[in-house]
Amino acid sequence: MLAVGFSFATQKTRIPFMIDILQEINDLKRRENATILAHYYQEGEIQELADFTGDSLKLARAATTVKTPTIVFCGVHFMAETAKMLNPEKRVLLPDLLAGCSLAESCPANKLARYQQMLRENGRRFQTVTYINSSAAVKALSDWVVTSGNAEEIIKRVPADQEILFVPDRHLGQYLEEVTGRKMILWNGACIVHEIFSVGDLLALKGKLPRALTIAHPECPANIREHSDFVGGTEAMLRYVSSFSEPTDFLVATEANMMWQLQSKFPRHRYHPVPGITCACNKCPHMARNTLEKLRDCLAQGRPEITWQPEFARAREVVQRSLLN
């Protein structure tokens, strides 16, 4: 079973607090007529009270179905931006405006624009395929936006006579090269969570649990993927795990909060986090900036709010074509 992160004494003191703040959040949600979206990498207590949970693709699609005038996005900044560009008339709140993303930060729009111009000046014909973990300004410079769930499908749409500039995740790009056979120009970005998994610790875990199956996110480096039984995004992981009827041990190489989702949906299995180089399990520090207290406060105060920016119009067109059609 998935280990619980609190001692019994700590839980006894936290339970009344949890009951109070969850009641506050639910009351404020009704008062503000709001819908809460939460990514799988949020803490389980936030996922549990959300109206929608999912990966980036599922949540982008869910955002287009929201009927309430307010969306609270428990995720990181680029996700809330995407929700806003798909719902320009709605108020979109993010519990912590500083919840960023190492991938998005690795590819500033001005730097990408200069690189694209250099490629064109050198006679290169290409399309830019951008991972959704990017700013709206970068999406606006792109031909396609992909998630780990639909990237293979989109890559197949790029004409064979054009090169592919894939930004910003080099590990996901390398994985897509392997599964599609398309060579790409890869941007040198990486996710700080997935890049630091320890292959030595993974192999040690495999030695202790020789019958366990390893599932890894394609943002992981090749040395983790090559020792995995299944590579896929978070939704694909859920589908894979669901196919095992007998209790099974899974070694999980993605953000640690994903195990809450796995455990809640498929409690018959046992889940073990693959250690990182510097810690026992990998949690995204940006996702962790969103807390129950900040969720309550943003509902109460109506901020921080994602406001419409000029680049959202072009970015919206690319996102709709790539993810919704």
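## The end of helix H9

Just past helix H9, Gly-181 adopts a positive phi of about 80°. Keep in mind that this is a predicted model. H9 itself covers residues 170-180.

At the other end of the helix sits a cap. Asp-169 caps the N-terminal end of H9, with a side-chain oxygen 2.8 Å from the backbone nitrogen of His-171.

An α-helix has 3.6 residues a turn, so residues three or four places apart point the same way.

And what do the buried residues of H9 pack against? Three strands of the sheet described below are on the list: E5 (126-131), E7 and E8. The rest are helix H8 (151-155), helix H11 (222-225) and strand E10 (230-231).

## The sheet

Here we have an open sheet of four strands, running in the order E6-E5-E7-E8 with parallel pairing. Strand E6 (144-146) and strand E8 (185-186) are the edge strands, so to speak: each has a pairing on one side only. Strands in a sheet pair through backbone hydrogen bonds, in either a parallel or an antiparallel way.

Zooming in on one pair, strand E7 (residues 163-167) meets E8 over two bridges in the parallel sense. Phe-166 stands opposite Leu-186 of E8.

## Arg-296 in helix H14

Over in helix H14 (residues 292-301) you'll find Arg-296. Its side chain makes a polar contact of 3.0 Å with the side chain of Asp-297. Leaving out residues up to four places away in sequence, Arg-296 touches Ile-21, Glu-24, Ile-25 and Leu-28.

Terms used:
Residues are numbered from 1 along each chain as its sequence is written. This is a predicted model: local features need pLDDT of at least 70, side-chain atom pairs count only at pLDDT 80 or more; totals for chains, interfaces and linings use all residues. Side-chain values use heavy atoms; hydrogens and water are left out. Two strands pair if DSSP finds at least two bridges between them. Buried means under 20% relative accessible area, exposed over 50%, partly exposed in between (1.4 Å probe, protein chains only). Contact means heavy atoms within 4.5 Å. A polar contact is a pair of N or O atoms within 3.5 Å; within protein, one must be able to donate a hydrogen and the other to accept it, and residues adjacent in sequence count only if both atoms are side-chain atoms.
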